[in-house]
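Please look over the sequence and the model below, and then follow the text through two of its regions, taken one after the other.

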Amino acid sequence: MTTDLDRTLDLDAYFARIGWTGERLPTVEVLRSVHRAHALGIPFENLDPVLGRAPSLALADLQAKLVRSERGGYCYEHNTLFAAVLAELGFTVTLLCARVVLGAAPGDVRPRTHMLMLAEVPGEPTPYLADVGFGASSSLLEPIALMADAELHDAPRRHRLVHAPHGGPLPLWKLQARSAGGEWEDQYAFTLEPFEAPDYEVINWHIATNPRSPFQHLVYVQRTTGDGHVALSGRTLTETAPDGTRKERELADGDEVLRVLADDFGIRLPDGTRLPE
């Protein structure tokens, strides 16, 4: 394991939160099913940065927020918690960092800020890329084997990993998702260079507090359900059906935002919370 994770993880509470029951063994099937249950069970949200605070990545705080409260988190919170769960189950985890390319303009070079991980299954020759914290309708629902050009059908989505040319000494991988129109779209790029917990503390602080960070100014909330995907960006609510069709509507004000957070995302903020207008 590549990070000093607190070992006081409450697996019973975590599995109750994501609605998962099964044999707690480090197998491929357990990795897949727990990954999917987490992706469906805990929403993505950046409400702490919008409210002016950097989220804590301490395991006790993550459990209090993502497991025991009606809240979610963004990639550092989700994947720090998930890495601790996988380690407790007996998987070997290497933390990684990716450069998000989804939505980037041609020639735009973004910093490496997205947390993900490599999970090794005892007795299996091929590790898996795991990521429960990518806030997009094209995010992984199940882990994907680290094999170039092998397609994963994590229904209703499809993903693959490909190699991409670059000037560095380590091979560059890209995660791609298949669009409703059948094209493969780049999501993010990464190498297998290990990252450590202090690296994410720095990145987390930057993303949450830098006045130029979009995560500090605009609400981003996402949730995948059995009926599709729902996302809130600012006051724009977007519902994406399994076939890729989308419906959008604008919310009227901050009060409606709070109601939608509770009703559509299962997120309830403390009484009296007011989001920036």
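**A buried side chain and a helix**

The side chain of N46 reaches the backbone oxygen of F215 at 2.9 Å, and a polar atom of that side chain also lies 2.9 Å from the backbone oxygen of L218; a polar contact here is a pair of N or O atoms within 3.5 Å, of which, within protein, one must be able to donate a hydrogen and the other to accept it, while residues adjacent in sequence count only if both atoms are side-chain atoms. This is a predicted model, in which local features need pLDDT of at least 70 and side-chain atom pairs count only at pLDDT 80 or more, whereas totals for chains, interfaces and linings use all residues. Residues are numbered from 1 along each chain as its sequence is written, and side-chain values use heavy atoms, with hydrogens and water left out.

N46 sits in the loop between β1 (44-45) and α3, where helices (H or I, at least four residues) and strands (E, at least two) are DSSP runs numbered from the N terminus. With a relative accessible area of 0%, N46 is buried (under 20% relative accessible area, with exposed over 50% and partly exposed in between, for a 1.4 Å probe and protein chains only). Leaving aside residues up to four places away in sequence, N46 touches Y74, F215, L218, V219 and Y220, contact meaning heavy atoms within 4.5 Å.

Turning to helix α8 (residues 254-265), its buried residues are G254, E256, V257, V260, L261, A262 and F265, and what covers them includes α3 (47-50) and β10 (220-225). At the N-terminal end, D253 caps α8 through a side-chain oxygen 3.2 Å from the backbone nitrogen of D255, and just after α8, G266 takes a positive phi of about 70 degrees.
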